[in-house]
Amino acid sequence: MIIDFHTHIFPDKIAAAVIDKLSKISRTVPFTDGTISGLLNSMQKSGIALSIILPVATNAEQVIKINDSAARINEKFAGGEIFSFGCIHPEFSDFRAELRRIKELGLKGVKIHP
């Protein structure tokens with residue numbers, strides 16, 4: 001079984017812009033279009049059985065929305081081909097409460113992206 005332990009996806013409506021910006025900043029060619037369907041397609045082509053999504057909160061205001069989205073992804077893909085961790089931002093005001101909520105949401109790990 002092949003597991004890709006470090007993947008990123010973005011909401012469909014912003015994925016193209018985010019991927020374009022990130023590829024220019026990093027001077028790399030992306031492997032997918034940044035969408036969940038792009039990730040699934042890449043997994044199928046590469047023989048990857050499971051991908052772990054590590055969501056990135058670039059500011060504290062994104063944390064709750066991203067964690068809610070991660071939980072929805074995990075519900076949708078309960079069969080096991082995709083699993084999302086949660087996220088926290090160092091400037092999030094009540095990180096302890098959000099970490100408890102992350103646990104309650106069933107998210108098994110946390111991506112910290114300062």
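Student: Which residues does Asn-74 touch, not counting residues up to four places away in sequence?

Tutor: In this predicted model, Asn-74 touches Ile-82, Phe-83, Ser-84 and Leu-107. Asn-74 itself is found in helix 3.

Student: Why is Asn-74 called buried?

Tutor: Its relative accessible area is 12%, and buried means under 20%; Asn-74 is therefore buried.

Student: Why are helix 3 and helix 4 called roughly parallel?

Tutor: Helix 3 (residues 63-76) and helix 4 (residues 95-104) pack at an angle of about 10 degrees, and their axes are 10 Å apart. Angles under 35 degrees count as roughly parallel, so the two helices are roughly parallel to each other.

Student: What makes the pair Asp-68 and Arg-101 a salt bridge?

Tutor: The closest N and O atoms are 2.7 Å apart, and the cut-off is within 4 Å. The pair links distant parts of the chain, with Asp-68 in helix 3 and Arg-101 in helix 4, 33 residues apart.

Student: Is Glu-98 buried or exposed?

Tutor: Glu-98 has a relative accessible area of 4%; buried means under 20%, so Glu-98 is buried.

Student: Why does Lys-24 count as exposed?

Tutor: Exposed means over 50%, and Lys-24 is at 59% relative accessibility, so Lys-24 counts as exposed. Lys-24 forms a salt bridge with Asp-20, which is partly exposed at 39%.

How values were computed. Residues are numbered from 1 along each chain as its sequence is written. This is a predicted model: local features need pLDDT of at least 70, side-chain atom pairs count only at pLDDT 80 or more; totals for chains, interfaces and linings use all residues. Side-chain values use heavy atoms; hydrogens and water are left out. Axes are lines fitted to C-alpha atoms, for helices over the stretch in contact, and angles run from 0 to 180 degrees between N-to-C directions. Helices (H or I, at least four residues) and strands (E, at least two) are DSSP runs, numbered from the N terminus. Angles under 35 degrees count as roughly parallel, over 145 as roughly antiparallel, 65 to 115 as roughly perpendicular and the rest as oblique. Buried means under 20% relative accessible area, exposed over 50%, partly exposed in between (1.4 Å probe, protein chains only). Contact means heavy atoms within 4.5 Å. A salt bridge is a side-chain nitrogen of Lys or Arg within 4 Å of a carboxyl oxygen of Asp or Glu.
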